[in-house]
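Biologist: I am new to this structure and would like to learn how to read it. Could we take it one feature at a time?

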Amino acid sequence: MVEAVVSSREEFSSSLAGHKAPPANVNAAQWRNALFVAPYLFFFVTMLVFPLVWGIWLSFHKADTFGVGKFVGLANYARLFGDRIFLLSVGNTFYFVLLTVPALALLGLFLALALNRQTRTAAFFRAAYFSSSVLSVTIVTLIWRIVFVPDFGFLATVYGWFDTKAPAFLSDPNLAMIGIAIATIWWCLGLPMMLFLSALQQVPAEIYEAAALDNANRWQTFRSITLPSIKRTFILVVLIQVVLQFQLFGQARLMTQGGPNNASKPIVLYIYDVAFKRWDLGLGAAASEILFILILIAAMAQYFLTRNRGEN
Amino acid sequence: MTAHIEIKDVVKRFGAATVIDHLSLSIDPNEFMVFLGPSGCGKSTLLRMIAGLESVDEGTISINGARIDNLPPGKRDIAMVFQSYALYPHMTVADNMAFGLRNIGVAADIISARVAEAGRMLEIGHLLERKPGQLSGGQRQRVAIGRAIVKEPKAFLFDEPLSNLDAALRVRTRVELAQLRHRVKSTMIFVTHDQIEAMTLADRIVVMNNRKIEQIGTPMEIYSRPATRFVATFVGSPTMNFVPVRVAGGETGGATVILGDGTHVKTAIPTMKLKAGNFTLGIRAEAVRVAIDGQGVTSGTVDVLERLGDRTLIYTKLKDGSVVVAEDIGYSRVAVNDTVSLSIDGSRVHLFDASDRAWHCEEGLDG
Amino acid sequence: MSNARSTSIMGRESGDRVVLLLVIALALVMVAPVLWVIGLSLKHNAELMANTNSVFYPPYTITNYINILGTSSVFRWILNSLIVSGGLTIFTLVLASLAGYGFARLNFPGRDILFIIVLLGLAVPEQAVLIARHQIFGMLKLHNSYQGLILPGLSAPFGVFLMTQYFRAIPKELDEAALLDNASRFTIFWKVLLPLTVPAQATLGIFTFLWSWNDYLWPLISGTKKEMFTLTVGMASTQTNFAQSEGLGFLMAQAVFAGAPILILYLFFQKYIVTAVSGAAVR
Ligand SMILES: Nc1ncnc2c1ncn2[C@@H]1O[C@H](COP(=O)(O)OP(=O)(O)O)[C@@H](O)[C@H]1O
Ligand SMILES: [Mg+2]
């Protein structure tokens with residue numbers, strides 16, 4: 001007989017000898033199983049949970065680079081809502097979301113519908129439209145500043161051919177946010193397109209065949225089959241983009257520095273300036289919590305909207 | 001290297017639902033035991049408790065007198081063949097078979113000898129360097145069996161191993177399994193919901209239903225002396241006929257039962273053991289024949305004919321409306337809507353009472 | 001595919017021409033700025049100072065690119081980015097695989113609650129923890145170090161979520177067969193299941209690398225010394241005031257040089273990247 005069997009027999013009898021063998025239940029809850037998740041949980045707690053709690057705590061205190069001062073209750077929040085620039089930055093952020101999100105969703109849907117075919121041309125365009133998404137914000141803003149910059153920018157050059165002056169996207173307070181929005185749409189368009197494409201590909205072909213047999217024309221097919229089957233994805237895309245665009249920072253900081261005269265300053269840039277330029281950490285923390293709540297509302301809307309749809 | 005498996009008073013619950021309820025069972029060394037029952041009756045659960053993949057809530061399981069229900073699966077000296085085969089997709093066939101042996105530190109030359117031997121026995125020697133994804137369903141199934149064989153376990157557990165094969169391959173593999181068990185001396189437990197697999201492979205069958213054992217017996221015992229109406233229904237094809245009858249009583253020898261249409265049938269079931277009253281009579285189609293000469297005990301109208309080639313099944317309706325399936329020769333002349341005369345073999349009938357107790361015919365009594 | 005055909009509004013008829021033209025026009029708008037930047041990068045600085053229209057005719061030059069090789073800090077920043085993104089990617093894969101296996105396959109007290117808490121972490125934006133993190137790292141003297149740039153990313157719940165889902169999709173019979181084969185929990189993880197998660201590892205790895213490579217906010221406030229800049233932050237630092245810049249061509253060359261690696265990576269791993277990024281979005 002082979003050793004292996006013998007050895008397993010030995011263990012076998014030793015566990016019979018009355019030592020309290022662990023329960024054989026392979027599915028039982030055991031502490032040592034937690035060892036697999038422990039390394040991640042360490043970072044989760046120290047880098048996410050703890051800072052989150054500390055941030056909330058900070059927002060109720062006077063704090064600067066020299067340390068955390070006394071408890072001030074809601075004073076930081078009161079200061080925040082008394083600060084014209086903060087309120088302006090909240091307004092700017094909402095304005096920016098309004099500028100970008102509908103455009104991203106509709107353009108993404110249009111491109112997905114146009115490029116949802118198995119040809120090489122379509123594949124080429126898909127790849128091209130998505131390529132800008134992999135660039136970093138620095139490169140994106142560099143590109144668009146050199147487009148918008150007066151006198152020798154791309155836009156100025158093109159307008160120059162017609163002897164007109166290009167709109168001053170970066171220096172006109174009324175246009176600054178629009179300029180940032182254009183660069184952002186250029187940067188972020190790939191993701192909505194891809195999400196719509198994968199939704200379209202999940203619609204079973206039989207449904208279209210059935211519709212064709214029912215003599216539906218293309219517009220009817222689009223309205224009664226395609227649109228309903230991507231409704232969920234549409235909600236998803238809109239809410240992902242809302243959450244994403246709420247966090248506008250790099251583009252504004254690099255293209256306009258929030259100017260002119262704070263006309264393009266979003267919440268995150270406000271937080272950055274307050275916390276890391278003026279080192280008013282308590283105030284910055286309070287502004288962060290406001291942003292957190294706004295994003296949480298959007299995330300919850302996503303959860304409930306997609307969930308209720310799923311049950312139908 | 002074989003196992004006497006003793007299951008005592010075992011209970012298994014999933015949350016509030018009891019799936020196995022105080023079940024006891026003894027499996028002899030080298031026995032081929034089949035767990036048979038409808039889907040969801042707890043066969044797999046029982047098998048997985050023996051393997052150690054499910055915990056035992058109450059009761060004990062022992063092998064050769066030693067308790068194993070506290071041992072982890074790997075220490076029970078048992079091999080299992082899964083319904084989905086569960087081959088490791090990224091390992092070659094040889095590595096699939098060697099994995100378990102490597103884990104317990106068996107020497108490399110012994111491993112390769114055993115893998116080669118299993119490959120030869122199962123005729124998959126030429127596939128040893130392939131990955132499971134490159135094999136057909138039948139080949140995968142052999143690898144799964146090979147993986148069990150190389151471990152030389154005390155017991156083999158099979159959980160519906162044939163159900164993923166197409167019909168022809170299933171029959172062939174069934175025959176091969178029957179041959180295999182004579183070459184590999186070991187206890188085997190085989191789970192299936194297919195009565196033909198059970199009848200053809202088993203030394204003994206455990207018929208399970210609804211958390212408990214209905215009957216344990218050899219295939220012929222199960223077939224000819226079903227302990228409950230459930231067993232009688234589940235085993236045999238076509239399904240046994242059930243007809244409500246009255247037992248007159250007051251006789252000696254075989255009891256006479258009276259069908260709904262007034263027909264008297266003399267059976268070989270001892271009268272002494274019966275109380276007069278209402279029963280359900282069970283008769284397999286093979287015991288109800290079309291009497292060509294018109295000399296049958298009763299008659300019925302033909303509803304449907306099923307020609308199976310070697311025989312013909314005839315669905316008839318008796319005068320009182322009860323439906324009886326009868327058998328006739330392959331080239332039966334009967335046509336739908338005919339009235340046929342039926343003879344009933346009283347030595348091959350069963351009686352069931354309201355509490356599901358069964359009575360069978362006994363030798364020496366006339367039917 | 002009939003599916004693709006009938007959902008497309010780009011088909012045979014006259015309306016389709018319009019759609020095709022729109023797609024091409026939009027593509028030109030997408031590409032034009034990039035071509036403009038590449039064009040500028042191929043011109044002498046002096047020539048551009050005179051007239052940027054000179055982009056449209058020769059002479060072209062690669063002087064600007066050669067100048068990068070000699071003078072620029074770009075290499076240091078690329079190195080930093082490689083270390084930070086590479087390190088973060090490797091550690092994320094290790095942590096997420098272990099945790100994903102743990103959550104998907106093992107039982108321990110409080111597992112389900114813990115998993116839900118980790119999922120809730122997905123809803124926490126970086127800004128909500130930024131200030132406190134900055135303070136903590138200040139106390140631990142972690143700013144301007146590679147650890148300081150890598151550690152925060154390790155807390156991202158996305159990888160754990162992705163790997164848990166992936167492990168859950170692998171049939172449990174494989175674990176059970178391995179248990180009967182005398183494999184320990186770690187052997188099952190390491191030899192049986194992990195090799196099957198390679199596609200998920202690729203997705204998660206690419207996504208993490210890309211995200212880290214392009215991350216701007218945390219490196220901006222943590223790696224404040226010039227020699228600790230990542231490529232993203234470093235590139236931003238050079239372009240503060242180029243309105244009057246003499247080195248326009250040089251600046252553009254630097255941008256092309258910095259953007260090229262990730263674009264080339266994209267071309268090679270296009271399929272994985274698309275899956276990774278849209279997978280990340282769908283959660
Ligand atoms: N892990 C589980 N959790 C809850 N219920 C289960 C589980 N496994 C099996 N069951 C239930 O136990 C019963 C028996 O299942 P099973 O043993 O798989 O049946 P069979 O193999 O006979 O088809 C079924 O009702 C099934 O739903
Ligand atoms: Mg089963």
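Biologist: How many residue pairs are in polar contact between domain 1 of chain B and domain 2 of chain B?
Modeller: This is a predicted model. Between these two domains of chain B, four residue pairs are in polar contact, with both residues of each pair at pLDDT 80 or more.

Biologist: Where do the two domains lie along chain B?
Modeller: Domain 1 covers residues 5–230 and domain 2 covers 241–360. Their centres, taken over C-alpha atoms, are 39 Å apart. Seven residues of domain 1 and nine residues of domain 2 make up the contact.

Biologist: What is the area buried between domain 1 of chain B and domain 2 of chain B?
Modeller: About 810 Å², with 50% given by carbon and sulfur atoms. On the domain 1 side, Tyr223(B), Pro226(B) and Arg229(B) supply 67% of the area buried against domain 2, more than any other three residues. By class, the side of domain 1 that touches domain 2 has three nonpolar, two polar and two charged residues.

Biologist: Now a single residue. Is Gly259(C) buried or exposed?
Modeller: Buried counts as under 20% relative accessible area. Gly259(C) is buried because its relative accessibility is 5%.

Biologist: Which residues is Gly259(C) in contact with, leaving aside its neighbours within four places in sequence?
Modeller: Leu135(A) and Ile139(A). Gly259(C) itself belongs to helix H15 of chain C, residues 248–268. Its C-alpha atom is 37 Å from that of Ala169(C), a residue 90 places away along the chain.

Technical notes. Residues are numbered from 1 along each chain as its sequence is written. Chains are lettered from A and ligands numbered from 1 in the order in which they are written. This is a predicted model: local features need pLDDT of at least 70, side-chain atom pairs count only at pLDDT 80 or more; totals for chains, interfaces and linings use all residues. Side-chain values use heavy atoms; hydrogens and water are left out. Helices (H or I, at least four residues) and strands (E, at least two) are DSSP runs, numbered from the N terminus. Buried means under 20% relative accessible area, exposed over 50%, partly exposed in between (1.4 Å probe, protein chains only). Contact means heavy atoms within 4.5 Å. Domain bounds come from an automatic or database domain assignment. Buried area is the accessible area (1.4 Å probe) that two parts lose on being put together, summed over both. A polar contact is a pair of N or O atoms within 3.5 Å; within protein, one must be able to donate a hydrogen and the other to accept it, and residues adjacent in sequence count only if both atoms are side-chain atoms. Ala, Val, Leu, Ile, Met, Phe, Trp, Tyr, Cys and Pro count as nonpolar, Asp, Glu, Lys and Arg as charged, and the others, Gly among them, as polar.
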